[in-house]
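I set out to record what I looked up in this structure. The entries follow in the order in which I took them.

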Amino acid sequence: RREDTFNSIIASSQTLIRDIKESPTALSYDYIKNAVEAVENYCIELLNNLYSEHIPQLGFSQTRNSYLQSNCTEFWFSISNGENLQPADILTIDFPKDIKGISFESDKKLEKIQRIKSGDTVEGMRKIYISNEYVSSYVEFEVVITYSYHQSSDEQVEKELRQQFHIDLQGENDFLEISNKYRSIAEGTAVTGEMFIGRDSEINDVVAMLKNGQEMLILVHGA
């Protein structure tokens, strides 16, 4: 990675300059030191350009839905960083603490600093506890992620990512299975009479023609 290469050259240059200052000679101090300082400054410039052109782009999203069980549900989420960008250090992930009747379980793993590298995704989960005093069928909340990244070789900045979420508080038994009368078509099995919907008048006309015994050709066309 270019960042590691630039940092390695800068560190080596600083070490060499320090050695020259501690044990100088006419050649090293007058010529070599200037050349090494020029290399160091050039790498710092390249590194700063690299940081400014590759600011991390974090994404924060819910990854799955969970049923409400025993007044508890789970909020599954992921944090990702874009491709070909510098890493972001996650400092804090703050869930709300002031929603009456709602409490979020703390996650010790997420309280530690995590680095989201370029193209990486970190997944996590927080349990949400619902007290009996909470009467709504859903909960809306905001999560705030604080992260830092390099603005230059000697400066880091902190940013916030705020994301709103909506979770329905539904138990598994709250959902009713709805029969699909078109399933036989999808499965390629025989179509039954209940599948013919909205053609009652046409069917009655055909039946009447057949009952009259008229000698005619009856053509049924279309779906």
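How many helices and strands does the chain have? I counted 4 helices and 8 strands, taking helices (H or I, at least four residues) and strands (E, at least two) as DSSP runs numbered from the N terminus. From the N terminus on, I read the elements as α-α-β-β-β-β-β-β-β-β-α-α.

Source of the coordinates. I note that this is a predicted model, in which local features need pLDDT of at least 70 and side-chain atom pairs count only at pLDDT 80 or more, while totals for chains, interfaces and linings use all residues. Residues are numbered from 1 along each chain as its sequence is written, and side-chain values use heavy atoms, with hydrogens and water left out.

Chain totals. Of the 223 residues in the chain, I found 29% buried, where buried means under 20% relative accessible area (1.4 Å probe, protein chains only). Among contacts with a separation of 6 or more, 67% join residues 24 or more positions apart; a contact means heavy atoms within 4.5 Å.

First sheet entry. I traced an open, antiparallel sheet of 4 strands in the order β1-β2-β6-β4, two strands being paired if DSSP finds at least two bridges between them. β1 (58-64) and β4 (102-104) each have a single partner strand, so one side of each lacks a neighbour in the sheet. Neighbouring strands of this sheet are turned by 30° against each other on average, direction ignored; the axes are lines fitted to C-alpha atoms, and angles run from 0 to 180 degrees between N-to-C directions. I then looked at β2 (residues 72-81) and β6 (residues 121-130), which pair antiparallel over 9 bridges. In β6, R126 is the bridge partner of F75.

Another open sheet of 4 strands, with antiparallel pairing, has the order β5-β3-β7-β8. Its edge strands are β5 (114-116) and β8 (155-168), each pairing on one side only. I found 3 bridges joining β3 (residues 88-94) to β5 in the antiparallel sense, and I90 stands opposite Q114 in β5.

Which residues lie closest to the centre of the second largest pocket? Of the 13 lining residues, they are R1, E3, L85, Q86 and S118. α1 (2-22) and α2 (26-53) each supply at least two residues of this lining.

Key
On a 1 Å grid over the protein atoms alone, a cavity is a set of points where a 1.4 Å probe fits but cannot get out, and a pocket is an open set with protein on both sides within 12 Å along at least five of seven lines; lining residues have an atom within 4 Å of a point. Buried means under 20% relative accessible area, exposed over 50%, partly exposed in between (1.4 Å probe, protein chains only).
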